[in-house]
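Please look over the sequence and the model before reading on.

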Amino acid sequence: MSSSITLSAATRQNLLSLQDTAALAATNQGRLSTGKKVNSALDNPVNYFTAVGLSDRASALSDLLDGVSNGIQTIQAAAKGVDAVTTVVKQMQSVVTQAQSNATANLPKLQGTRALATAGEATATGKSIYDVSMGKTLAGTAAAATSSTPGVVGINTANANQMQLSAGFTTYKFDIGSTDTVSDLVSNINKSGIATATIDVQGQLQITGTGSDTLSVGLGKTTSGAFAVDATETAKLTGGATPSAAGGTSAQRSALVGQFNALRTQLDQAARDAGFNGTNLLAGDSLSIAFNEKTGAAKSKLDIQGTSLSASALGIGEFKDSATAQSGADIGIQNNADLTKAADALSNALANLKSISSTFGSNLSTVQNRQNFTKEMINVLTTGAANLTNADMNEEAANSQALATRQSLAVSSLSLASQASQGILQLLR
């Protein structure tokens, strides 16, 4: 037979109140210790799982930030490499400018040995030897200048009605008319772009190439599409001087060959050293930077294709100590036309480098913008999760004090109820 203890209604009510207060106090202490009002799905399933989803995405984005940071450093390394290469190209431009400033020694010269006018003709006409020479008619029977006639050089246009100038890969040809003068001849040569001509104080024809390539000059005519030089007619202008001349050699230019080629090597090395963490965008490597945690079509990323940057890729050839025009991008430093080609190639290289730098700058700006956006998204997601699960510590502190007061009052009530029962026992005694 079981026995039970019978409590008064007041005592039982106070006991239940103490039990409720103890349960609330335990919940309050848990929130104060963890800082959360939702610690498990049992507390609030909707808030708990929503907060877990938000926190998981924030964590995934946080992991991606490391890759974004590495991407930024990789782009910056490539950009610094482009800056270094640009500096080297500008130094190379300086070397080319130095070489071009010493052009005179490399120009081929054809010096005539025949005086187109004599001192006697100058006396008879009352003009200088230069003026008499420039005024003479080219074609016809040779005749001296007099006070009434300009004189004739004596070129037979049946044998030679054209003059041809050749330098390197360029040829220039013009016709000699029946009334053309030496002045017309000089003017036509100066229009060629290949050479310049003048009559010196002795009345001799002097032709100087504008470039360093071997210069050839001759009078003749075109037959069946081919130009044939007539040495006899040419000698009437030049006095039998060699109809071709090669450019000279400049020791100053020779000294610049090693300097230019060393800079060319430095350019290649700077580009090779512009990598970060095993990726070099200046070596043609590609870079893919992920911006979200999704896959497939929903994946947000930036793909950057690098470029193979080198002197050859920029069209900058190697210097050769030669007066002969070089093929391809290589440069004969003694050749003026090649130096012009080198100057143009370096200008084009700087334009290309500016374009590459601009592309990297745009990519860097995009990645940095996404980095800041990702950081802000992580903050939004973390805050959202906290709003769903975090406890209001001010409220919980107030609840703690209220529960302590409530518990104290319940204990007092229970004590009063117990004292009432004890009073009844005393009466029974």
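The largest pocket is lined by 17 residues, and those lying nearest its centre are Ala-167, Thr-170, Gly-211, Asp-213 and Ala-337. This is a predicted model, in which local features need pLDDT of at least 70 and side-chain atom pairs count only at pLDDT 80 or more, while totals for chains, interfaces and linings use all residues. Residues are numbered from 1 along each chain as its sequence is written, and side-chain values use heavy atoms, with hydrogens and water left out.

**The largest pocket**

- A pocket is here an open set of points on a 1 Å grid over the protein atoms alone, where a 1.4 Å probe fits and protein lies on both sides within 12 Å along at least five of seven lines; lining residues have an atom within 4 Å of a point.
- The volume of the largest pocket is about 240 Å³, counted as the space filled by probe spheres set on the points.
- Helix H8 (residues 336–389) supplies the largest share of this lining, 3 residues, where helices are DSSP runs (H or I) of at least four residues and strands are runs (E) of at least two.
- By type, the lining of the largest pocket divides into 6 nonpolar, 9 polar and 2 charged residues; Asp, Glu, Lys and Arg count as charged, Ala, Val, Leu, Ile, Met, Phe, Trp, Tyr, Cys and Pro as nonpolar, and the others, Gly among them, as polar.

**Helices H2 and H8**

- The axes of helix H2 (residues 45–100) and H8 come within 7 Å and cross at roughly 165°, with angles running from 0 to 180 degrees between N-to-C directions.
- H2 and H8 are therefore roughly antiparallel to each other, a term used for angles over 145 degrees.
- The residues of the contact of H2 with H8 comprise 32 nonpolar, 19 polar and 4 charged.

**Strands**

- An open sheet is formed by 3 strands in the order S1-S7-S6 with antiparallel pairing, and two strands pair if DSSP finds at least two bridges between them.
- Strand S1 (109–111) and strand S6 (195–199) stand at the edges with a single partner strand each, so one side of each is left without a neighbour in the sheet.
- S1 is joined to strand S7 (residues 205–209) by 3 bridges, and Gln-111 stands opposite Gln-206 in S7.
- Strand S8 (residues 215–223) and strand S9 (residues 226–229) run antiparallel and are joined by 4 bridges, with Ala-228 in S9 as the bridge partner of Lys-221.
- S8 and S9 form a hairpin with 2 residues between them, and Ser-224 in the turn has a positive phi of about 55°.

Note on methods. Angles under 35 degrees count as roughly parallel, over 145 as roughly antiparallel, 65 to 115 as roughly perpendicular and the rest as oblique.
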